[in-house]
Amino acid sequence: QLRLVESGGGLVQPGGSLKLSCAVSGVALNNYVIGWFRQAPGKEREGVLCISRNSAGTPAAESVKGRFTISRDNAKNTVYLQMNSLKPEDTAVYYCAAKSTFVVNWCALRREEYAYWGQGTQVTVSS
């Protein structure tokens, strides 16, 4: 049974950094695309970044380009979201999601692509 657990969220001041982790268990991570999504109060869940199986494809939302990066460590079955220069508008619950695929250099930021989701971790950016 595939399970995803996010961690690393918290309260940070504007301009600060956080690194989120998505620990995957029950499957071999190298067969899965992983996406990070976020949902702010009253808003729809939006895609932030995703990473292909070979780490070559990493589409990012315009709002986080140049500030957020995604990486994966298949040996540790973990995907990371490094968030720098955080802004109050980055405040949201952050979710990771997984999709099994045979394609090694593809990922997408569409929610409907992903069958498996974690429970989320809260990120609050405030002074």
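Which residue in β3 is the bridge partner of Glu-6? The legends below take this up first, and every view comes from a predicted model.

**View 1. Strand β3 pairs with β1 and with β7.** The answer to the opening question is Cys-22, which is the bridge partner of Glu-6. Strand β1 covers residues 3-7 and strand β3 covers residues 18-25, and the two run antiparallel, joined by five bridges. Strand β3 is also joined to strand β7 (residues 78-83), this time by six bridges and again in an antiparallel arrangement. To find your way along this second pairing, look for Leu-20, which stands opposite Leu-81 in β7.

**View 2. Phe-37 and Trp-117 form an aromatic pair.** The whole structure holds three aromatic pairs. Phe-37 is buried, with 0% relative accessible area, while Trp-117 is partly exposed at 26%.

**View 3. Two charged side chains lie over aromatic faces.** Arg-45 lies over the face of Trp-117, at 5.0 Å from the ring centre. Elsewhere, Lys-19 lies over the face of Tyr-80, and here the distance from the ring centre is 4.6 Å.

**View 4. The largest pocket has a lining with eight charged residues.** The space in this pocket amounts to about 160 Å³. Of its 13 lining residues, the closest to the pocket centre are Arg-38, Lys-43, Glu-46, Glu-89 and Asp-90. Besides the eight charged residues, the lining has three polar and two nonpolar ones.

**View 5. Asn-77 has a positive phi.** Most residues other than glycine have a negative phi. Asn-77 is not a glycine, yet its phi is about 55°. You will find Asn-77 in the loop between β6 (68-73) and β7. With a relative accessible area of 17%, Asn-77 is buried, because the cut-off for that class is under 20%.

**View 6. Ser-85 is another residue other than glycine with a positive phi.** Its phi is near 50°. Which loop holds Ser-85? Ser-85 lies between β7 and β8 (92-100). Ser-85 has a relative accessible area of 40%, so this residue is partly exposed.

Terms used. Residues are numbered from 1 along each chain as its sequence is written. This is a predicted model: local features need pLDDT of at least 70, side-chain atom pairs count only at pLDDT 80 or more; totals for chains, interfaces and linings use all residues. Side-chain values use heavy atoms; hydrogens and water are left out. On a 1 Å grid over the protein atoms alone, a cavity is a set of points where a 1.4 Å probe fits but cannot get out, and a pocket is an open set with protein on both sides within 12 Å along at least five of seven lines; lining residues have an atom within 4 Å of a point. Grid points are joined across faces, edges and corners, and a volume is the space filled by probe spheres set on the points. Ala, Val, Leu, Ile, Met, Phe, Trp, Tyr, Cys and Pro count as nonpolar, Asp, Glu, Lys and Arg as charged, and the others, Gly among them, as polar. Two strands pair if DSSP finds at least two bridges between them. Helices (H or I, at least four residues) and strands (E, at least two) are DSSP runs, numbered from the N terminus. Rings of Phe, Tyr and Trp (its six-membered ring) pair if their centres lie within 6.5 Å; planes under 30 degrees apart count as stacked, over 60 as edge-to-face and the rest as tilted. Buried means under 20% relative accessible area, exposed over 50%, partly exposed in between (1.4 Å probe, protein chains only). A charge sits over a ring if NZ of Lys or CZ of Arg is within 6 Å of the ring centre and within 35 degrees of the ring normal.
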